[in-house]
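The sequence and the structure are shown below.

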Amino acid sequence: MAALNGAVENGQPDRKAVPPPLPRPLRSLEVKYTKIFINNEWHESTSGKKFPTYNPSTLEKICDIEEGDKPDVDNAVEAAKAAFQRGSPWRQMDALSRGRLLHKLADLLERDRVILATLETMDTGKPFLQAYFIDLEGCIKTLRYYAGWADKIQGRTIPVDENFVCFTRHEPMGVCGAITPWNFPLLMLVWKMAPALCCGNTLVIKPAEQTPLTSLYIGSLIKEVGFPPGVVNIVPGYGPTAGAAISTHHSIDKIAFTGSTKVGKLIKEAASKSNLKRVTLELGGKNPCIVCADADLDLAVECAHQGVFFNQGQCCTAASRVFVEEQIYPEFVKRSVEYAKKRLVGDPFDARTEQGPQIDQKQFDKILELIESGKKEGAKLECGGLAIEDRGLFIKPTVFSEVTDNMRIAKEEIFGPVQPIMKFKSIEEVIRRANSTEYGLTAAVFTKNLDRALTLASALQSGTVWINCYNALYAQAPFGGFKMSGNGRELGEYALAEYTEVKTVTIKLSQKSP
């Protein structure tokens, strides 16, 4: 019997063991990497321009970043093309060695975990311990998962006519573009980079202009690990310039984007007007969280709370439409308000903090405007609803009850710490209402009834359905959306198909006797 934790002699955990101390952020960390990363070298922008990145907690400028534009993207694509040419060190590398490089990259993320979590907190405002234990943990596990896949990507032998042999090869696509968001900068980068490199592609990456620091740090690790020059290139810059250059580039074979549905549409349009590059999109969500009367109420309240308030509410998976069966509605609202009032908002480097600031003034203003719309349209404000005075971009955890489907807070993606709670009477009613949205990213169901759980899981138009849990994401399980929440899948074996082309090879056998 294997030990859970500690003593191996009898298979029981060592209850006297002292838990390891919590990691501590590096509050005076110096930012080392601010330039464009091409061909394993650091470059200034062709235009000479730079742009600032700010700490949303203090509103102070962290540093200036080289501002990439179309000429810089062109240089990065040329480097990626050269690295993908037949006979290059990358193309000659066997699959097992590609996997080893990904494992080594995961090792360096383990080594520099505190540095990366500190940079992520500086740039995004998310609590340091969440960055360390959730974002970095997810990055490391994703890299190791795809490291294991590198030498297991196989085609099939297909029976055809007697005198023919037919088989398929799964080949890398070529140069892949990746445009990543500001809410999970490093994690979303790894979700794209790991399967792309596992399959043998090369990459041109544009991190969100609000949060470029961890992506650029990854460039230093790519070089240290020993990836050949040109395999991974990172061009910080703005969406309408550097991002548009990637989307329209005729030498980029595939693009992966995580962000808003509005920008996703622009990327898909640009891809179709250029070279019909393949597109993977992970976009917005207005996700239903359905709580049935027979649910474990404590579990449902806690999961719904974490589901909407995690990462300051800035999650595409946020549980931003909570449907509660009418018999338990008053008690659910009461407990949800208690949770929200206890949520600690403050300095994200403080170990006690659960909620940091919103990412920037634009997002902050949008959230407060939607909160005001909820008040005006007749929802009952149970708690919060205001910014925290003298604290910059911090918003109090907000709960609305008596929300109806026609209200803006029930229809629009808020992307902030706001929990709208609605009531329902029947399963058929809640299925209809849950599906009455243009989005279809995730959904959750809380019930002890297996038939009801499976009925809802089948009926809900979402790429992921969680039963009695929330935000249960794993590197092994595919993630993506229905409808306008996106195209394609990230994570799991399914993501390999997004980064490979299938080639059919058919051979006519000789009719002569051997």
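Predicted model: local features only at pLDDT ≥ 70, side-chain atom pairs only at ≥ 80, totals over all residues.

The contact is built from I427, V430, I431 and N435 on the α14 side, which meet R452, L456 and A459 on the α15 side. Sorted by class, the residues in this contact of α14 with α15 are five nonpolar, one polar and one charged.

Two packed helices are described by the angle between their axes and the distance between the axes. Here α14, which covers residues 427-435, and α15, which covers residues 450-459, pack at an angle of about 30°, and their axes lie 10 Å apart. Because angles under 35 degrees count as roughly parallel, α14 is described as roughly parallel to α15.

Rolling a probe the size of a water molecule over the atoms shows where empty space is left. How many cavities of 30 Å³ or more does the structure hold? There are two cavities that reach this volume, and each is described here in turn.

The largest cavity contains about 70 Å³ of space. Its lining consists of 15 residues, and those closest to the centre of the cavity are P288, T437, Y439, G440 and S462. By class, the lining of the largest cavity is made up of eight polar, five nonpolar and two charged residues.

The second largest cavity has a volume of about 50 Å³. Among the residues that line the second largest cavity are G285, V308, G313, C315, A318 and S320, and the lining also includes E413, I414, F415, G416 and V418. In this lining, six residues are nonpolar, four are polar and one is charged.

## The second largest pocket

The second largest pocket has a volume of about 340 Å³. It is lined by 18 residues, and the ones that lie nearest the centre of this pocket are A95, R98, H170, P172 and C199. The elements that contribute two or more residues to the lining are α2 (89-92), α3 (95-111) and β6 (164-172).

Which element gives the largest share of the lining of the second largest pocket? That share comes from β6, which supplies four residues. Taken by class, the lining of the second largest pocket holds seven nonpolar and seven charged residues, together with four polar ones.

How values were computed:
Residues numbered from 1 in each chain as written. Heavy atoms only, no water. 1 Å grid on protein atoms, 1.4 Å probe; cavity = no way out; pocket = protein on both sides within 12 Å on 5 of 7 lines; lining within 4 Å. Points joined across faces, edges and corners; volume = space filled by probe spheres on them. Nonpolar A, V, L, I, M, F, W, Y, C, P; charged D, E, K, R; others polar. Axes fitted to C-alpha atoms, helices over the stretch in contact; angles between N-to-C directions. Parallel < 35°, antiparallel > 145°, perpendicular 65-115°, else oblique. Contact = heavy atoms within 4.5 Å.
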